[in-house]
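Work through the exercises below with the model open. Try each task before reading its solution.

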Amino acid sequence: MVVKLPAVLWTFVTVMSLQCSDCLSSVRANRRIRSSSKIITEIIELEKGTEVTYLNCSTNINGTKLKVEWKKDGVIIPELYSSDVCPIYDANCDGKYTCFASGSNSTVIILKEFVVKILDNSPCGNAGEELVQRSEICIVPTTQDYPCCHYHIPPPGMLRLSRKISSDVKSKCKLDTLKNPTPWQIDVAWNLTHNATWIWGWQVSLSGLDNSVGVKRCVQINSKSKLLNWTFDGLPFGSKYEIKVQALPSDLTNYIHETIVLPRKRDICKKIGRKCHWEICFPVEDVQQEEMSSVLTWRLSKYHKTLHDFEIYYSSSDVDCSDSGRRKVQNKTRTVLNIHKCRHYYVKVRPIFSNAEEGTFSEAIMFSPPRRPNKGFIGS
């Protein structure tokens with residue numbers, strides 16, 4: 001098809017009318033851009049995956065053969081230099097194709113524009129059929145999986161985390177009798193940002209930290225707005241996690257995350273443990289120093305079920321002497337505490353349980369080491 005564009009109709013066009021004048025003006029240095037008074041635009045609709053389609057551009061103006069160049073979305077297609085035809089293979093992406101040529105006086109002449117639309121196209125992917133997909137392996141769909149996705153995918157809005165003992169736990173008092181109880185749940189909620197046009201879902205993940213390293217849970221939510229919260233349950237006392245909510249598809253930066261630590265048993269003694277007589281919530285009793293000796297003694301609380309290991313903490317009470325430390329004692333309630341650097345110390349004791357969870361410290365007592373023969377104290 002030949003399109004005749006009389007010379008009297010050439011006119012300069014603005015950046016706005018070209019939509020990509022920055023790209024066009026960079027084709028060759030110092031060239032002016034010209035077009036007809038009305039750019040011929042053809043809209044072409046293709047089924048996704050169409051094997052091949054050809055865009056044809058007229059290369060004759062008033063009997064003059066022009067050397068044509070092509071751009072897609074403002075980017076030169078170098079292999080089509082001096083070609084009348086632009087082929088599109090395996091149609092997948094929407095795009096704007098521009099056919100242009102060199103005119104006189106170093107101008108660029110826009111000959112025609114083609115707007116290619118792919119029918120039923122979702123350039124950034126589609127959500128799965130199931131609303132929720134659970135996994136222990138976090139495989140994140142990224143924008144690199146969708147070559148037509150050239151849009152900004154924003155992160156989710158404000159992340160809110162809360163923790164509580166699951167309502168499935170029928171008797172909280174019995175948590176003290178279980179070997180490895182996992183009563184905790186973390187509720188995760190987030191907001192949908194206003195410009196989330198191309199988001200089709202979310203990935204919510206839980207990753208263990210510190211003593212919970214290696215724990216991993218993931219859930220993919222295949223909806224932008226139907227579900228903006230999730231709950232991870234069956235979590236143990238004292239565990240620490242990173243919670244991440246990732247917008248899908250991911251550009252590797254569009255996520256928000258926070259760290260959360262779950263309480264230990266002794267952290268909820270006041271609220272639950274003491275009422276339920278959990279042994280971890282009760283200190284040893286009658287901590288005392290035997291007269292004129294370095295022997296320290298104590299006795300178990302009536303709520304302690306068995307003899308445990310114990311930890312003794314001491315720190316100097318003298319203003320002119322600094323000394324502190326910890327000592328471990330195994331399966332006994334009487335020990336010699338050989339500390340002699342200072343005159344006076346504060347000393348307290350707590351049990352250590354079989355799962356390595358530390359119990360409650362006793363009230364501190366004053367401990368005065370007896371003088372060793374021929375040796376004084378610092379500050380004496």
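Predicted model: local features only at pLDDT ≥ 70, side-chain atom pairs only at ≥ 80, totals over all residues.

Residues are numbered from 1 along each chain as its sequence is written, and side-chain values use heavy atoms, with hydrogens and water left out.

**Exercise 1.** Find the edge strands of the open sheet formed by 5 strands.

Solution. Strands are DSSP runs of E with at least two residues, numbered from the N terminus, and two strands pair if DSSP finds at least two bridges between them.
- Step 1: the order is β12-β16-β15-β18-β19, with antiparallel pairing.
- Step 2: β12 (132–135) and β19 (255–261) each have a single partner strand, so one side of each lacks a neighbour in the sheet.
- Step 3: β18 (residues 240–248) pairs with β19 over 7 bridges; K244 has H257 in β19 as its bridge partner.

**Exercise 2.** Classify the ring pairs W184 with F237 and W298 with F310.

Solution. Rings of Phe, Tyr and Trp (its six-membered ring) pair if their centres lie within 6.5 Å; planes under 30 degrees apart count as stacked, over 60 as edge-to-face and the rest as tilted.
- Step 1: the count by this rule is 7 aromatic pairs.
- Step 2: W184 and F237 have centres 6.0 Å apart and planes at 90°, so this pair is edge-to-face.
- Step 3: W184 is in strand β14 (residues 184–189) and F237 in the loop between β17 (229–235) and β18, so the pair ties together parts 53 residues apart in sequence.
- Step 4: W298 and F310 are also edge-to-face, at 5.3 Å centre to centre and 65° between the planes.

**Exercise 3.** Is Y89 buried or exposed?

Solution. Buried means under 20% relative accessible area, exposed over 50%, and partly exposed in between (1.4 Å probe, protein chains only).
- Step 1: locate Y89 in strand β9 (residues 85–89).
- Step 2: its relative accessible area is 55%, so Y89 is exposed.
- Step 3: for contrast, W298 is buried at 4% and F310 is buried at 0%.

Terms used: Helix = DSSP H or I, 4+ residues; strand = E, 2+ residues; numbered from the N terminus.
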